[in-house]
Amino acid sequence: MKITIIGAGKVGLETARRLYEEGHDILVVDKDESKLAKVEEQLDVMILRGNGATAQVLKDPQVVDSDLLLAVTNSDEVNIIAGITAKRLGIGKSIVRVRDPHYAQDSSFSREDLGLDLIINPEFAAAREIVRMLTMALPVHTEPFGDGKVQMADIPVDEGMSLFANKKIKDLNMPPSCLIVAISRRGDMIVPGGMDTILPGDTLYILGLPSSIDILAAKVKKGKHRKMQSVMILGGGRLAFYLADKLCSLGVSVKIIEQNYARCQELAERLPDALILNGDGTDVELLKREGIKETDGFVAVTGLDEENLLISLLAKQMGAKMVIAKVSRASYAPIVETLGVDAAVSPRLITASEIVRFIQGGRLLSLFLLLNGKAEVAELIIPPSSRIIGKPLAKCGLPKNVIIGAILRNGQAIIPQGTEKIYAEDRLVVFAMGYKLSTIEKLFDVGGK
């Protein structure tokens with residue numbers, strides 16, 4: 001597919017890299033020559049200097065010949081104009097990034113009204129993910145697949161977790177219909193075998209039926225769960241606004257610490273149920289005065305990854321029950337586990353996942369990225385032409401780092417054994433490490449539309 005990306009910033013570069021690795025023909029457009037030079041240094045893609053919102057650029061033969069236009073500049077208005085104009089010029093599909101909360105809250109502002117194919121809001125999506133982490137009933141993070149019929153849980157293992165710590169996988173007393181598909185250890189992802197030992201500090205990724213995941217979570221929590229009643233947010237940007245707005249609607253007590261006074265005034269007007277504090281969130285005394293020790297959740301969402309990670313670690317040491325940090329740089333994600341922060345959320349990764357899922361279309365139903373793309377969990381529909389139909393899993397010839405974690409058939413979910421056979425129109429939940437999405441699809445003879 002020929003794809004034009006308007007905007008060579010962090011999101012544009014990350015998306016270009018991912019789509020290039022999937023085998024698409026990429027053209028990156030930006031008016032900043034230094035950004036284009038950075039793209040050219042890192043990727044073998046075409047570049048074009050110019051304002052992506054102008055007809056002059058959009059009518060360029062390289063652009064107008066595209067199958068899809070993706071507008072991800074720092075300006076919502078430029079993105080919207082580029083997306084609408086691209087559609088009018090005959091480009092088949094357009095995706096735009098829109099981040100301003102005013103647009104998000106305008107009921108008349110929709111992709112249907114604008115004639116666009118997809119509007120993505122990274123901060124809103126990240127806020128939704130953080131809310132789910134903070135308020136879920138289980139003490140583990142779960143990701144639904146197959147319309148909720150299968151779940152993937154990630155469970156951090158500590159020294160006192162007798163269910164897992166220092167045990168071989170073959171010796172675990174696991175609920176039925178559960179499968180450990182991966183172990184995250186010090187920033188690396190491992191596809192385990194029965195003889196592998198689970199160590200304190202590991203994070204387990206487990207696929208299973210919701211009932212089995214519930215049983216497993218009940219064993220893990222051992223009375224540790226408590227309702228999320230108070231959340232402290234460091235940083236007052238767009239993500240903080242979306243996050244606080246949602247938490248307040250759920251009855252959670254929210255405090256936002258923001259250094260910019262004018263931004264504090266704006267937040268106070270728009271979030272009447274939240275407490276907005278004008279101050280330095282790195283000030284230990286301020287955190288103590290505001291009750292960091294009694295806080296159920298602490299979320300660092302400033303524009304600096306380093307500040308988010310360091311203050312999250314400090315908050316954890318000061319007694320915050322659950323700590324989440326926003327990170328943008330892929331290289332920082334492995335640090336999160338070693339620091340002891342409970343979770344990291346990357347708006348950039350969430351955006352990439354949404355875009356790839358949309359572009360692949362066809363028989364790719366969902367995509368979830370682990371550890372900044374080191375591993376993927378994809379949900380695929382098997383076509384009648386697939387070479388694996390009728391074969392037991394053990395004889396499908398799949399690489400060792402590709403695991404079929406679940407099969408959805410006739411409305412039922414199956415956690416398969418090696419003897420289970422695959423049939424046409426089965427929906428597979430596939431874990432893969434070290435493989436591009438296009439390669440995963442080829443393994444199962446699945447093609448996007």
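Guide: Helices (DSSP runs of H or I, at least four residues) and strands (runs of E, at least two) are numbered from the N terminus. The model is predicted: local features need pLDDT of at least 70, side-chain atom pairs count only at pLDDT 80 or more, and totals for chains, interfaces and linings use all residues. Residues are numbered from 1 along each chain as its sequence is written, and side-chain values use heavy atoms, leaving out hydrogens and water.

Visitor: Where is N410, and why is N410 called exposed?

Guide: N410 sits in the loop between β20 (402–409) and β21 (412–414). Its relative accessible area is 75%. Exposed means over 50%, buried under 20%, and partly exposed in between (1.4 Å probe, protein chains only). So N410 counts as exposed.

Visitor: What makes the phi of N410 worth a look?

Guide: Most residues other than glycine have a negative phi. N410 is not a glycine, yet its phi is positive, about 55°. S177 also has a positive phi, near 60°, and is not a glycine either.

Visitor: Where is S177, and why does S177 get its accessibility label?

Guide: S177 lies in the loop between β8 (150–156) and β9 (178–185). Its relative accessibility is 30%, so S177 counts as partly exposed.

Visitor: Why is E376 called buried?

Guide: E376 belongs to strand β19 (residues 375–381). Its relative accessibility is 2%, so E376 is buried. The C-alpha atoms of E376 and A432 are 5.4 Å apart, though 56 residues separate them along the chain.

Visitor: How do you know that K326 has no salt bridge?

Guide: K326, in strand β16 (residues 322–326), is buried. The nearest side chain of opposite charge is D305, 5.7 Å away. A salt bridge needs a side-chain nitrogen of Lys or Arg within 4 Å of a carboxyl oxygen of Asp or Glu. At 5.7 Å, D305 is beyond that limit, so K326 has no salt bridge.

Visitor: What does the side chain of K326 have 3.3 Å away?

Guide: The backbone oxygen of T302 lies 3.3 Å from a polar atom of that side chain.

Visitor: Which residues lie nearest the centre of the second largest pocket?

Guide: R99, E123, G303, K326 and S328 do, among 27 lining residues. The pocket holds about 610 Å³ of space.

Notes:
Lys and Arg count as positive and Asp and Glu as negative; His and the chain ends are not counted. A polar contact is a pair of N or O atoms within 3.5 Å; within protein, one must be able to donate a hydrogen and the other to accept it, and residues adjacent in sequence count only if both atoms are side-chain atoms. On a 1 Å grid over the protein atoms alone, a cavity is a set of points where a 1.4 Å probe fits but cannot get out, and a pocket is an open set with protein on both sides within 12 Å along at least five of seven lines; lining residues have an atom within 4 Å of a point. Grid points are joined across faces, edges and corners, and a volume is the space filled by probe spheres set on the points.
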